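Visitor: I have a model open and want to learn to read it. Where do we begin?

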Amino acid sequence: MPHRCTKCEKTYADGDIRILKGCDCGNNRFIYVPKEPKERKIFDFEEVKDKKEISFKEIGFGIESIKIIAPGQYEINIEKLLERDEIVIALQENGRYIIHLPSLLKKKKGEKV
Amino acid sequence: MGLMLNLRKKLRFILRLFLRKDKVRIGIYGPPNAGKTTLANRILRDWTGDIMGIPSEIPHETRRARLREGVKIQVDKKTLTIDILDTPGLATKIDFHDFLKYGLSEEEAKRRAKEATEGVIEAIKWLDDLDGILLVMDATEDPYTQVNVTIVGNIEARKLPLLIVANKIDLPNASPARIRAAFPQHQVVPVSALKGINIDSLYRAIAEKFG
C-alpha cells in the first residue's frame, strides 16, 4: 500500500482506483510511500540509536574503576576492578582519566606482598 | 595479553589438579571492619601461636595484603596446610572525613584513604592466585550490600570454593540467619573470631571445603 492520503493518512495499494477518484475522505492528494526500504530504514535507525545509547552509558558512567572526587575521597567500582585487568582512574570528574595498563603479567607472584 | 592470561589460568588449573590438598592458599575477604584481621589472628593464634596484624576500630586498618604461609590445621586427625592471606577491606567509597572522627589529622586521614583505595586494588588482584575464599561478614549488619553481592557473584564466576563467615555472633544484635537468607547457595559458618565461639566448626568447614 504505497499511496497514503495526506489528509486522513489512509493508505491504498498501487493501482487502486481511489487514487484517481479521490480518497474516501474527499481528499485527492496522496503521498507515495515506498514500503519496504522506508520501513527498513526506520528499523535500522532505531537499532543504531539503541546501540548508541548503550555504548554511551558504558562510556559515560561506567569505565572508571576508581573516581578521585577530591584528595582523600575515592569511589571504587569493585565490579569493574573484578572484571578487568586495567585500572581506569577518573580525576575529579572533569573528564581526565588515567589508565593503568596491567602490570600484572610482568609481576611475579612474590612481588605482590 | 588475554591469551596469555588464559594460558596462565589453564596452567594453574592443571597444576592445582596435581598439587591440590597438599597446600591451599585461602584469602580472607570482606568489607572493612567485618573482622578479617581478627579472624586471621584467631586462626594463626590457634595453630601457630602467632598473630597476623593488629586489628583496629578505625576502618581500613589493614591496607596491604598480608600472607602467612604453611599454617597446619588439624581436623579429625587430618592435617591440612594452608596459606592465609589477610586482605584490606573492600569498599565502594573511601572518604578521609570518615577517619577524622577517630582523631586522625587531615593529612593522616587522606593518606589512609589513598592507601585503603590501593589496598582494595591489591586485594582484588590477589584473587587470581587463590584456591579458596573465606568471605567475612559482620552478622550485626545488613548483608545485602553491593560489596557482598558483587564479590560473591565474582567468586562464583571464578569457580573458587567459598565459605561465608558470619562474624561477631557474640554481639546481641547479630543475625547469621540473615546472611544465610541472603546467600542461600553458600555455606555460612557463624563465629565470633574475637571470642573464639564456634571456631571449631569453621576449621571443620575449611578442611571439608578446601582440603
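Guide: Begin with pLDDT, the predictor's confidence in each residue, from 0 to 100. Chain B averages a pLDDT of 90, and 93% of the residues score at least 70. This is a predicted model: local features need pLDDT of at least 70, side-chain atom pairs count only at pLDDT 80 or more, and totals for chains, interfaces and linings use all residues. Residues are numbered from 1 along each chain as its sequence is written, while chains are lettered from A and ligands numbered from 1 in the order in which they are written.

Visitor: What ipTM and pTM does the predictor give the complex?

Guide: The ipTM is 0.78 and the pTM is 0.71.

Visitor: How many residues of chain B are in contact with chain A?

Guide: Contact means C-beta atoms, placed from the backbone, within 7 Å. Here 24 residues of chain B are in contact with 17 residues of chain A. H4(B) gives the most to this side of chain B, with 9 residues. Helices (H or I, at least four residues) and strands (E, at least two) are DSSP runs, numbered from the N terminus.

Visitor: Which strand of chain A is joined to E4(B)?

Guide: Strands pair if DSSP finds at least two bridges between them. Strand E5 (residues 73–76) of chain A is joined to E4(B) by 3 bridges, running antiparallel. In that pairing, A:Glu75 stands opposite B:Lys93.

Visitor: Is strand E6 (residues 162–167) of chain B mostly covered or exposed?

Guide: Buried means 20 or more other C-beta atoms within 10 Å of a residue's own, exposed 12 or fewer, partly exposed in between; C-beta atoms are placed from the backbone. E6(B) is mostly covered, with 6 of its 6 residues buried.

How values were computed:
Contact = placed C-beta atoms within 7 Å.
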